[in-house]
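Trainee: I would like to go through this model pair by pair. Can we take charged contacts, then helix packing?

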Amino acid sequence: MTRRAKITPSRITPSKITVAAVTGALLLTGCSTQRESLTAGLGVAAECTGPQARAAQQQYAETWREAGEAIGLKGLSPSRADVCEVDTSTYAKNRPDGGYRVAFAAQGPTNAWATSNEEAFKHRAEQRNVDVLYASANGDVNKQVDNVQQLVAQRPDAMVVVPMGDAITGQVRAAAAQGIPVVVCSGRLNEGSGAVSTVTRDYELQGTLWAEWIAERLGGKGRIAMLSGIAGVPTAELPKAEAKRIFAKKYPGIEIVAEQNTDWSATKAKTVAAQLLARYPDLDAIWSDSAITNLGVYEAYSQAGKPVPPVTGDVTNGFLKAVQGKNVPFALGAFPPEQSAQCLDVALDALAGKKVPSQVNVDAAVFTDQELGRYVRPECSDDLAVPTVLPADLLKKLKLC
């Protein structure tokens, strides 16, 4: 069952031993040597060096290696892998048959990816007998601040948050202080948020894959533009920041001549790309975080009669359908909307008192234009995020296939 949170319209504008529940502190197993955790956002100081933590870190690093090799990059490894196991026994509730109330502070159905993300969560909730308290931010972090506050007031058993920005960190911390385990989903918050786990495709991995592929293709020299989504949203800012760091540190011969936001809109991206084309007619590559953006880039270049430069990004069926049979070089790494189901599973593990990883790097397809035929779904909607594991009946309901 899913119901909307009781949201008022007043501001609808665009480990160590747990001391007490109110502290939001968590037990990190296999940890020693005090150090501030870099990625978990747990608000505790810990170095995770035990055998279970090391195994989790090795698995995390393996996802980097496999992703790099998928597009011809050898030896990729994460710059850090602070993965701990979090003891959530303080949150345990004895409900073997489910019946939990889980708050879902969602992005809102602002695009097809977000709609699929929410529907995958609700579908998983039905499978696991979870009552969902739903609140849409409509892509607005200020609205999400209110949403989280009011969801917390309804005393859910757990909360899953798709963060629109770091402005909600205080509200998430307050939820944790009240004994509500919070899972950050498809995004990331600042350190000290109190979240028990962050479940997302690694942003540094995405940014690294795209930067290194461009550098490899250009031989370390060339003029590029960088196009990212909504300003301030982690999914846009973090991959871009990592890519810029790599270009600056390793490839001084690559010049970033322009940076623009496209709001993950193909229409806006087409306008931006047309302007870039007029000003920089001979770009060597376009670092992009989205295939939605790439569709606009393809349309702008095609209408101008110019070959599309190498592009990067996540994956949408519309882009693959548009460039099938065309000479458009690309490297794509999926950011699967279905990861929200995994976020719910982690929240339910916390409610069962199971140990959960402090961060989960969601598995995702990584491929180049040479494998387009393996992933394109000509019979499905342009809006479909591919590959997909959503069931056929849900895809039909969403008019995606």
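Trainee: In this predicted model, which residue does Lys-354 meet in a salt bridge?
Mentor: The cut-off is a side-chain nitrogen within 4 Å of a carboxyl oxygen. Here the N to O distance is 3.8 Å, and the partner of Lys-354 is Asp-349.

Trainee: How does Asp-349 count: buried, exposed or partly exposed?
Mentor: Buried needs under 20% relative accessible area, and exposed needs over 50%. Lys-354, at 47%, falls in between and counts as partly exposed. Asp-349 has 22% relative accessibility, so Asp-349 also counts as partly exposed.

Trainee: How many salt bridges does the count come to?
Mentor: Side chains of opposite charge can pair when their charged atoms come close. Some of these pairs join into a network, including Glu-62, Arg-65 and Glu-69. By the 4 Å rule, the count comes to 18 salt bridges.

Trainee: What is the distance between the closest N and O atoms of Glu-204 and Arg-188?
Mentor: The two residues form a salt bridge. Glu-204 lies in helix 5 and Arg-188 in the loop between strand 9 (182–185) and strand 10 (197–200), so the pair ties together parts 16 residues apart in sequence. The closest N and O atoms are 2.9 Å apart.

Trainee: Is Arg-188 buried or exposed?
Mentor: The threshold for buried is under 20% relative accessible area. Glu-204, at 11%, counts as buried. Arg-188 has 12% relative accessibility, so Arg-188 counts as buried.

Trainee: Which residue forms a salt bridge with Asp-282?
Mentor: The N to O distance is 3.9 Å, and the partner is Lys-306. The pair links distant parts of the chain, 24 residues apart. Asp-282 sits in the loop between helix 7 (266–279) and strand 13 (285–288). In the loop between helix 8 (291–303) and strand 14 (311–313) sits its partner, Lys-306.

Trainee: Is Asp-282 buried or exposed?
Mentor: Lys-306 has a relative accessible area of 31%, so Lys-306 is partly exposed. Exposed requires over 50%. Asp-282 has 58%, so Asp-282 is exposed.

Trainee: On to the helices. Why are helix 5 and helix 6 oblique to each other?
Mentor: Helix 5 covers residues 203–218 and helix 6 covers residues 234–250. Angles of 65 to 115 degrees count as roughly perpendicular, and those under 35 as roughly parallel. The axes come within 8 Å and cross at roughly 45°, so the two helices are oblique.

Trainee: What is the handedness of the crossing of helix 5 and helix 6, and which classes make up the contact?
Mentor: The crossing is right-handed. Helix 5 contributes residues including Trp-210, Ala-211 and Ile-214. Among those it meets in helix 6 are Leu-238, Ile-246 and Phe-247. The contact residues divide into 10 nonpolar, 3 polar and 4 charged.

Trainee: At what angle do helix 2 and helix 10 pack?
Mentor: Helix 2 (residues 112–127) and helix 10 (residues 339–351) have axes 7 Å apart, and the angle is about 40°. That makes helix 2 oblique to helix 10. Helix 2 passes helix 10 in a crossing that is right-handed.

Trainee: How many charged residues has the contact of helix 2 with helix 10?
Mentor: On the helix 2 side, the residues include Trp-113, Phe-121 and Arg-124. By class, the contact has 6 nonpolar and 3 polar residues, and the charged ones number 2.

Notes. Residues numbered from 1 in each chain as written. Predicted model: local features only at pLDDT ≥ 70, side-chain atom pairs only at ≥ 80, totals over all residues. Heavy atoms only, no water. Axes fitted to C-alpha atoms, helices over the stretch in contact; angles between N-to-C directions. Helix = DSSP H or I, 4+ residues; strand = E, 2+ residues; numbered from the N terminus. Parallel < 35°, antiparallel > 145°, perpendicular 65-115°, else oblique. Left-handed = near helix turned anticlockwise from the far one by under 90°. Contact = heavy atoms within 4.5 Å. Nonpolar A, V, L, I, M, F, W, Y, C, P; charged D, E, K, R; others polar. Buried < 20%, exposed > 50% of the residue type's maximum accessible area, 1.4 Å probe, protein only.
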